[in-house]
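This report goes through selected side-chain features, grouped by topic. Please keep the sequence and the structure at hand while reading.

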Amino acid sequence: MKSLLVYCGANPGHDPLYKETAVKLGEEMVKRGMRLIYGGGSLGLMGTIADTVLKNGGEVVGIIPSFLDKMEVGHPNLTEIHVVETMHERKALMEKMCDGIVTMPGGFGSMDELFEILSWSQLGLHRKPVGLLNVKGFYDLMIKQLDHMVTEGFLKQPNRDILQVSGSIDHLFQLMDEYVPQPAFKWLERDQI
């Protein structure tokens, strides 16, 4: 993975561990020669990871809708910035520019991005590894919900397995490096339509 898309909060969260982990992720990305692709913001975990990558000599590409850029939340010092018109354009361009995706703790926006990119993978629209950095068990309840969706027959296990999960940056990168995408397959039977 040479370009990593990171979804994360525009807020820092209450526990300093979230910010510390964003710093560690940014440092590790630079060590591995990875370029950061992200939403272009200057606030919260988004700003922290961008600042860390830049401070350590890495490249950062931000993709931000014009309405957010006008609200002065855009990062002013990125290697490259793309200002687009809509959130849909933003998500499509971020996916196009990356080799893999990691989601850190965040709010509605991070969840929206994560589930859309998982859906795209399920449909065969991309074959990139998707990782969840489960800092401090932040996503434990969501992971239980995904497993419940499998148990209840709303999600196939091979699609559940698209999401690589770890609380460790090194372990998550290992899982993502070893990820073998499965071909998109039918998730509905004819008699269910």
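How far is the sulfur of Cys8 from the closest cysteine sulfur, and in which residue is that sulfur found?

## Cysteines

The model is predicted. In it, the closest cysteine sulfur to that of Cys8 belongs to Cys98 and is 14 Å away, which is too far for a bond. A disulfide would need the two sulfur atoms within 2.5 Å. The search of the whole structure finds zero disulfides.

Both cysteines are covered: Cys8 counts as buried because its relative accessibility is 5%, and Cys98 counts as buried at 2%.

## Salt bridges

Side chains of opposite charge can pair when their charged atoms come close. The count for this model is seven salt bridges. One of them joins Asp170 to Arg32, with the closest N and O atoms 3.6 Å apart. This pair links distant parts of the chain, 138 residues apart: Asp170 is in helix 8 (residues 169-178), while Arg32 is in the loop between helix 1 (16-31) and strand 2 (35-38). Asp170 is partly exposed at 45% relative accessibility, and Arg32 is partly exposed at 31%.

A salt bridge with an N to O distance of 2.8 Å is formed by the side chains of Lys91 and Asp112. Lys91 belongs to helix 4 and Asp112 to helix 5 (residues 108-122), so the bridge connects distant parts of the chain that are 21 residues apart. Lys91 counts as buried, with 8% relative accessibility, whereas Asp112 is partly exposed, with 39%.

Asp147 and Arg160 form a salt bridge through their side chains, at 2.9 Å from N to O. Asp147 is in helix 6 and Arg160 in helix 7 (residues 157-160), so this pair ties together parts 13 residues apart in sequence. Arg160 is buried, with a relative accessible area of 11%, and Asp147 counts as partly exposed at 35%.

Asn134 sits in the loop between strand 6 (130-133) and helix 6 (140-151). Is this residue buried or exposed? Asn134 counts as buried because its relative accessibility is 10%, and the cut-off for buried is under 20%.

The side chain of Asn134 makes a polar contact of 2.8 Å with the side chain of Asp140. Leaving out residues up to four places away in sequence, Asn134 touches Tyr139, Asp140, Ile143, Val165, Ser166 and Gly167.

Which residues form a nonpolar patch on the surface? They are Phe67, Met71 and Met87, with about 310 Å² of accessible area together. Met87 is found in helix 4 (residues 87-97) and is partly exposed, with a relative accessible area of 36%.

Asp69 lies in helix 3 (residues 66-70) and is partly exposed at 34%. Apart from neighbours within four places in sequence, Asp69 is in contact with Ile64, Gly74 and Val83. Between Asp69 and Val130 there are 27 Å in space, C-alpha to C-alpha, and the two are 61 residues apart in sequence.

Methods:
Residues numbered from 1 in each chain as written. Predicted model: local features only at pLDDT ≥ 70, side-chain atom pairs only at ≥ 80, totals over all residues. Heavy atoms only, no water. Helix = DSSP H or I, 4+ residues; strand = E, 2+ residues; numbered from the N terminus. Buried < 20%, exposed > 50% of the residue type's maximum accessible area, 1.4 Å probe, protein only. Polar contact = N/O pair within 3.5 Å; in protein donor to acceptor, adjacent residues only side chain to side chain. Contact = heavy atoms within 4.5 Å. Patch = residues over 30% accessible without salt bridge, like charges linked within 9 Å, V, L, I, M, F, W, Y side chains within 5 Å. Areas by Shrake-Rupley, 256 points an atom, 1.4 Å probe, with all protein chains shown as cover. Salt bridge = Lys/Arg side-chain N within 4 Å of Asp/Glu carboxyl O.
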